[in-house]
Amino acid sequence: MNRPEISVHGLTKSYRVPERGAGLKATLGSLVQRTYRQVEAVQDVTFSIEAGEIVGFLGPNGAGKTTTLKLLAGLLHPTSGCASVAGFVPWRREPAFLRRISMVLGNKSQMLWAIPPLDTFRVLGEIYGVPPAQLRTTLDELITLLDLTALVTKPVRTLSLGERMKCELVCALLYRPSVLFLDEPTLGLDVTMQARLRVFIADYNRRASATILLTSHTLADIMALCSRVLFIHDGRLRYDGDLRTLARRLAPFKFIDLMLYGDDPATGDDAVLPPGASVVASSHGHLRVRAERAAAPAIAAHLLQTLPVEDLTVEDPPIETIVDQLYRGGPR
Amino acid sequence: MNLRAGWALIGTTWTMRLQTRGLFFIEALSWMVAPLAFLFVWVTAAGSGTVGGFSRGEFVAYYLLLIVIAQVTNVQHEWTVGDAIASGDLNRLLLRPMAPVLDVLAQDVAAVTVTLLFAFPVGAVLALLLRPELHPTPSDVILFFPALTLAWALRFCWSYALASLAFWTSRAGGLFSLHAALLFLLAGQVAPVALLPKPLRAVAILLPFRYMLGFPVEVLSGHLDATGIARGLAWQLGWLIVCLALARLLWRLGVRRYTAWGG
């Protein structure tokens, strides 16, 4: 039996943070006696990821996503629980472990500001002990794939945000890690660049059979890359599975959009609708009906028979709406 | 760490230093200003006689050596490594399959070589102009090298231990300023330690600061007898062991705390 590449059991991380009120009195008070508050950043999280999977980490700000990634990359020591990544206990930070993993933090840089990226790449190659010939091949490949040829000899400080992010990816991949933690890799990038990075990440996953865990507030990233999502809220794992299944569970309805012949305002009347359907919007020959998921085909058929339909589409509610619902309340 | 990685890191630091060469030389010059000022004070005080056994030419020799050695042993980890800890940049180093201290070491080695490119010519020109008098015995010259190496190692460890304080507090700046002041006062910068008032001299001999800077200068300028040199080397070694242990302990505890609290 294959061992999962990442396995996490009962992982918990709590912090004690100093707390004081605003104002001079509270400041003076805190000098004498500090009060602390316990923050449960990650609570009893359990999951496992097979080698070669790409898994998306969903959750509102402060839910514990980055903390979990930092635990798995060995930057944090857990309060309790255990984890294994590529066969290692991450927080021991053994060199053999560090050579197999990579972490990209969208808001932190590996690059040295004053010198061209190529110099940073070479130093990292030596630090990770990549044989020179292999480093050359890998760098050529990454530089071509990410279209960086013209940039790698310019000082980093002259590069744009997107260009720097591409360089960060080169830093993260030049020693061909088998496990990748990507924290907001598309932060601050334009739509085109985001799309290119997604293609690139999917490609790396395929060719290197790399296991990838990524967080993103850009849902398109998650939808394009991850067949599986972990949803974390208030430090707890609330959902582990397919994003579309989650959507169906959260939004047990579909929208039926109708374009009607003529411009009859009476067509928007609820009276013509069967049970399980209701009109959510109607204007000038356009009608949007909310239909129970199970009854949607029957409702659509009914509408086709009873109304002068020019065009009909059935669609799921936008994923953003579902995720918003999720972030506000969590799945039931 | 493999040697190639070490060279690569040193090379990178060179490149970066050369990118900002203008500022760098100004910085190097600023470190020379204080010893130069004291050189002129003591040269004037000595006139054509001596002060505390130092003649004019001996003061010149002492301070010119001090300028060069101060640059060689100059480390500022309490600021650079301390900043990395406080800002969370340490994460970058912790994720690498290499001890962070090696990165710091490579940067220091690179910095020293660049600094010397500046300090040696300036020292040589000043030597031509001010005519130093230097009478080291062959054994002084030989013993100078271990004294210098130990001074550098001691300062490295001491500075690293100070830097580790950033794991606990972001307000250690006051302590660092105190360190700089003590280094200035007790390491032989204001005056050679032999010329300090008696109580202050006793303190200077006890504390580690003299052994980070003034002591190798005293050895090479021929102001110490064999016993003085032996005692000094013993103090250096003792303080080095203490500071090395302290730096290791604070760093380990600090990293444990850092990974417990989050960067």
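Q: What makes strand β3 (residues 54-58) of chain A mostly covered?
A: This is a predicted model, and in it 5 of the 5 residues of β3(A) are buried. A residue needs 20 or more other C-beta atoms within 10 Å of its own to be called buried, and each residue of this strand passes that test.

Q: How do you know that both faces of β3(A) are covered?
A: In a regular strand the side chains alternate between the two faces of the sheet. On one side of β3(A) sit Ile54(A), Gly56(A) and Leu58(A), on the other Val55(A) and Phe57(A), and all of them are buried.

Q: What makes β3(A) a partner of β7(A) (residues 211-215), and of β8(A) (residues 228-233)?
A: At least two bridges are needed for a pair. β3(A) has 4 bridges to β7(A), running parallel, and 4 to β8(A), in the parallel sense too. Val55(A) has Leu213(A) as its bridge partner in β7(A), while Phe57(A) has Leu230(A) in β8(A).

Q: Why is the pairing in the sheet called mixed?
A: Strands of a sheet pair through backbone hydrogen bonds, either parallel or antiparallel. Here β3(A) and β7(A) run parallel, whereas β8(A) and β9(A) are joined by 5 bridges and run antiparallel. The open sheet has 6 strands in the order β5-β6-β7-β3-β8-β9 (chain A), and its pairing is mixed.

Q: What makes β5 (101-105) and β9 (236-241) of chain A the edge strands?
A: Each of them pairs on one side only. The twist of this sheet averages 15 degrees from one strand to the next.

Q: Which helix lies across the strands β3, β5, β6 (179-183), β7 and β8 of chain A?
A: That is helix α2 (residues 65-73) of chain A, which runs at about 150 degrees to β6(A).

Q: What makes helix α4 (residues 117-127) of chain A mostly covered?
A: The count does: 9 of its 11 residues are buried. Among them are Pro117(A), Asp119(A), Phe121(A), Leu124(A) and Glu126(A). After the helix comes Gly129(A), with a positive phi near 65 degrees.

Q: Which residues have the most contacts inside the largest nonpolar core?
A: They are Val170(A), Leu174(A), Phe181(A), Leu213(A) and Val229(A), in a core of 85 residues. Helix α6 (residues 161-173) of chain A supplies the largest share of this core, 7 residues. Val170(A) is in contact with Phe121(A), Leu142(A), Ile143(A), Leu146(A) and Leu148(A), leaving aside neighbours within four places in sequence. Another core, of 62 residues, lies apart from it and includes Val81(B), Ile85(B), Leu90(B) and Phe215(B).

Q: How do you know that α4(B) and α7(B) meet?
A: Contact requires C-beta atoms within 7 Å. His77(B), Glu78(B), Val81(B) and Gly82(B) of α4(B) meet Ser159(B), Tyr160(B), Leu162(B) and Ala163(B) of α7(B). These contact residues divide into 4 nonpolar, 3 polar and 1 charged. The axes of α4(B) (residues 77-87) and α7(B) (residues 138-164) come within 8 Å and cross at roughly 35 degrees, in a right-handed crossing.

Q: How many residues does each chain bring to the contact between them?
A: Chain B brings 22 residues and chain A 25. On the side of chain B, α1 (3-19), α5 (90-94) and α12 (226-261) each supply at least two, and α1(B) gives the most, with 8 residues. By class, that side of chain B has 10 nonpolar, 9 polar and 3 charged residues.

Q: Why is Ala251(A) called partly exposed?
A: The class lies between 12 or fewer neighbours (exposed) and 20 or more (buried). Ala251(A) has 18 other C-beta atoms within 10 Å, so it is partly exposed. It sits in the loop between α9 (243-250) and β10 (253-260) of chain A. Ala251(A) touches Pro317(A) and Ile322(A), not counting residues up to four places away in sequence. Its C-alpha atom is separated by 6.8 Å from that of Ile322(A), 71 residues apart along the chain.

Q: What makes the phi of Ala86(A) worth a remark?
A: Ala86(A) is not a glycine, yet its phi is positive, about 50 degrees. The residue lies in the loop between β4 (80-85) and α3 (95-98) of chain A.

Notes. Residues are numbered from 1 along each chain as its sequence is written. Chains are lettered from A and ligands numbered from 1 in the order in which they are written. This is a predicted model: local features need pLDDT of at least 70, side-chain atom pairs count only at pLDDT 80 or more; totals for chains, interfaces and linings use all residues. A nonpolar core is a set of buried Ala, Val, Leu, Ile, Met, Phe, Trp, Tyr and Cys residues joined through C-beta atoms within 7 Å. Two residues are in contact if their C-beta atoms, placed from the backbone, lie within 7 Å. Axes are lines fitted to C-alpha atoms, for helices over the stretch in contact, and angles run from 0 to 180 degrees between N-to-C directions. A crossing is left-handed if the near helix is turned anticlockwise from the far one by less than a right angle, and right-handed if clockwise. Ala, Val, Leu, Ile, Met, Phe, Trp, Tyr, Cys and Pro count as nonpolar, Asp, Glu, Lys and Arg as charged, and the others, Gly among them, as polar.
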